[in-house]
Amino acid sequence: FNMASSTECAIRYSVTTTIGAEDGLKDEYIKWLKDGHVQEVVEKGGAVSAEVLDLDVAEGGESKVVSTYVFPSRAAFDNYVAKVAPELRKDGVERFGKRDVSFSRTIGSCVFSHSA
């Protein structure tokens with residue numbers, strides 16, 4: 001039993017992207033994340049790790065992709081929001097904003113994490 005303290009998983013920032021049925025749109029979006037966006041959040045934005053999930057979809061439902069970033073502190077996250085996020089968000093909106101894509105964001109402080 002290994003439990004990390006809250007300082008080891010301080011801030012979790014998740015972006016849930018809902019993607020319509022346009023042919024190839026989900027693959028294009030994931031490729032954009034993989035080919036640089038996620039790396040920029042980590043390298044320029046100060047996140048210590050990132051994970052992208054392609055959520056299972058109920059039949060006939062919309063696709064959802066969740067990108068989760070871990071920041072070491074609220075100060076590191078606030079710095080990302082102020083200095084790095086505006087340009088990265090602008091890029092995402094320019095690429096996908098006029099298509100059947102919507103974004104929602106959640107931010108939270110980690111209470112604890114558990115691993116084997």
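## Briefing on a predicted protein chain

The accessible surface of the protein chain comes to about 7300 Å² (Shrake-Rupley, 1.4 Å probe), and 50% of that surface belongs to carbon and sulfur atoms. This is a predicted model, so to speak of local features pLDDT has to be at least 70, and side-chain atom pairs count only at pLDDT 80 or more, while totals for chains, interfaces and linings use all residues. Residues are numbered from 1 along each chain as its sequence is written, and side-chain values use heavy atoms, with hydrogens and water left out.

**Overall layout**
- The protein chain has two helices and six strands, where helices (H or I, at least four residues) and strands (E, at least two) are DSSP runs numbered from the N terminus.
- Along the sequence they come in the order β-β-α-β-β-α-β-β.
- Its C-alpha atoms fill a box of roughly 45 × 35 × 20 Å along the principal axes.
- Take the contacts (heavy atoms within 4.5 Å) between residues at least 6 apart in sequence: 77% of them join residues at least 24 apart.

**Confidence**
- Mean pLDDT (the predictor's confidence in each residue, from 0 to 100) is 90 for the protein chain, with 92% of residues at 70 or more.

**Charge**
- Counting Lys and Arg as positive and Asp and Glu as negative, with His and the chain ends not counted, there are 14 positive and 18 negative side chains.
- The centres of the two sets lie 6 Å apart, with each charge placed at NZ of Lys, CZ of Arg, CG of Asp or CD of Glu.

- Of the 116 residues, 34% count as buried, meaning under 20% relative accessible area with a 1.4 Å probe, protein chains only.
- Leaving aside neighbours within four places in sequence, the contacts of Phe 71 include Tyr 13, Val 41 and Tyr 80.

**His 37**
- His 37 sits in helix H1 (residues 25-43) and is buried, at 12% relative accessible area.
- Not counting residues up to four places away in sequence, His 37 touches Trp 32, Tyr 69 and Leu 88.

Note on methods. Buried means under 20% relative accessible area, exposed over 50%, partly exposed in between (1.4 Å probe, protein chains only).
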